[in-house]
Amino acid sequence: MKCSFNTNLLHAFKRLGILVLIALLFWLFLFSCKSNKPQNSIKQVIDSFTYAIKEKGNWQQFQNVKQAELIPLFSGQDLKVLSTAYWQFDVNQDVDVFVCRDSAQNEVPFWLIEEGFIRTNAIVENDLVRYEVWQKRFAKGRIGLGINGFDRHRFTYFVALKPVDSDQFLDFKPIFPEQQNLYSMTKGQYVYTDWDELTLTKIPSLLEGAYVIPTFRGRSREAQLIDGFRETLYPSSEQADQVLLSWVDSPLSSQYFSWRTHPTVESANIKYWEISTRDTMSLQAGYEYIEDPLLINDLENKRFSANISDLKSGTRYGYRIMVDGRDDFQGEFKTAHPDGGFEFAWFGDIHNDPDWGAKLPVWGSKYPHVKFHLFVGDLVNTGLYRDQWDVLWNAAGPILDRPVFSAPGNHDSQEGLPATLFYNYLKSPKNGTKLVEQTASYSFVYQNTLFVVLDAVGTGVELQKKWLQETLVQSKEQFKIVAFHFAPYTTEGEYLDIQQHWIPLFEQYGVDLVVNGHFHFYQRFKPKVKGPIYVMSIGTSVKNDKIISDSTRGKWVNRGYLYQHVKIDPERLIMTSLDEHLSIIDQFEIIKKN
């Protein structure tokens, strides 16, 4: 490996002072001695950079660094990738490419001028952003554009194309990202797929006849290095922790486990036995890597999992997690009984609030017999940050001896990016709609009750309609409960798609209870006599500046840290909502005779 040092960089660092300069020069030496293995994607380039930073352990100096100080730390080949591999597509004729970037972004992406773009006097606007327009003419063929910047400027640039020959058909082929679409650039057109209500209000004459390629705001994270590094309070180790239970098959005869370890752990298995016997069985665990390249003290860990099947219903089992042959964690679980009544609990938004976790023992002592816990989304503030999930699971410790399930919230998947960590942690039956590759919609039956969990965030509402209808039609259970994130009957938001596609099915097929979150207060509302009760609740604190509208319908309470306990018997459902002091703020029952 050949190492080189670029003395021309001294001028770039003069203003930092001699001590910082020495440190940065040492970093430069480190990066110039990297392997010359080609990096072909933005992710590869940035991941290689962050892993090198982790090895040195001095990541703090990159928190307030400027773009000009970062560029010399990359090889010429890596800079080319950063300049051309962020956005790629093919065209069949010469085109003018317009990069429309937010004028409020602090630094112009380094590649724009280097790649020959010229800033015009044109301005594009929507209700929130004023975009300056950069232009370059490209010959037909492959076109590659660069990163939004090393910062995380939320309003990423978008692209417009204008054929040089307007009479010739423009054939556009996406390369990366794979999903790209062309739309006429007109007023009312959105430019962010994750915020289609934010539309263009001003288009200059320069862009008349152009086509816009919408993007999504989550792409601002793809090359973030400035102010991006974080540390987790709970890094992984060789010991198993964050043990989560759920069901991916029948609660009568199976139990799913997953747990975390440091990536150096090679193997794990789970031993289990009936409490009343000494016969021990063992199941080898599989694993997946969970990455967070900016979580500098825990870039990746392993998440092991095992699904135990062919169990006896209504039976207590002991289990022991073995890590590299070492007895690491043990506990008990009980399979569902086929009948007789049961209890469960559910929570509104948590937002990885440690204070919520501190209150769990109080609620748990009041209701020690709940069989599982259900969340309705927004478990964390930023679903892409694994350190926030670490805080959540640490806080949730008192209830993790029983299965947990959740619907996704808008904070669990943000800015058009998939809810990857949500899916990593919260496993569920894979029986949701087949119209999309990945969805968080699913259903399961516990005794006499059908539970349907819908994805109101990452999967189109209408795409789940057929599956929802089939699931409700086929159900013979006494009670039907539906959970999803957005509450459809508040003055805060209308959610017309939910009202159009889901609510008529709830009413037609006898759904009894719909549970939601999103808004930080409690509300119970029954809009129709022959329809479900809608309950919205909150697990974390209320918003201090929140003023509940006088037109809010039903019963409502502006109070946070609420716990919902549900007791279901053969012909009766009782729901009780309590605050952190065990004071009952609401209680109701639903009676259904066979």
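Modeller: Two strands count as a pair if DSSP finds at least two bridges between them. Keep in mind that this is a predicted model. Here, 7 strands make an open sheet, and their order is S8-S10-S6-S2-S4-S3-S9. The pairing is antiparallel. At the edges you'll find S8 (183-184) and S9 (200-202), each of which pairs on one side only. Let's stay with the S9 edge. The partner of S9 there is S3, residues 118-126, and the two are joined in the antiparallel sense over 2 bridges.

Now for a pair of helices. H2 (residues 42-56) packs against H4 (residues 76-84) at an angle of about 130°, and their axes are 9 Å apart. That angle makes H2 oblique to H4, because angles over 145 would count as roughly antiparallel and those from 65 to 115 as roughly perpendicular. The crossing of these two helices is left-handed. On the H2 side, the residues that meet H4 are Ile42, Val45 and Ile46, and they face Asp78, Val81 and Leu82 in H4. Sorted by class, this contact has 5 nonpolar residues, 1 charged and no polar ones.

One last stop: an unreviewed UniProt entry carries the annotation "domain: Purple acid phosphatase N-terminal" for residues 241-325. That stretch of the chain is 56% strand and 0% helix, with its end C-alpha atoms 16 Å apart.

Definitions and conventions:
Residues numbered from 1 in each chain as written. Predicted model: local features only at pLDDT ≥ 70, side-chain atom pairs only at ≥ 80, totals over all residues. Heavy atoms only, no water. Axes fitted to C-alpha atoms, helices over the stretch in contact; angles between N-to-C directions. Helix = DSSP H or I, 4+ residues; strand = E, 2+ residues; numbered from the N terminus. Parallel < 35°, antiparallel > 145°, perpendicular 65-115°, else oblique. Left-handed = near helix turned anticlockwise from the far one by under 90°. Contact = heavy atoms within 4.5 Å. Nonpolar A, V, L, I, M, F, W, Y, C, P; charged D, E, K, R; others polar. UniProt positions renumbered as here; feature names shortened; annotations may be inferred.
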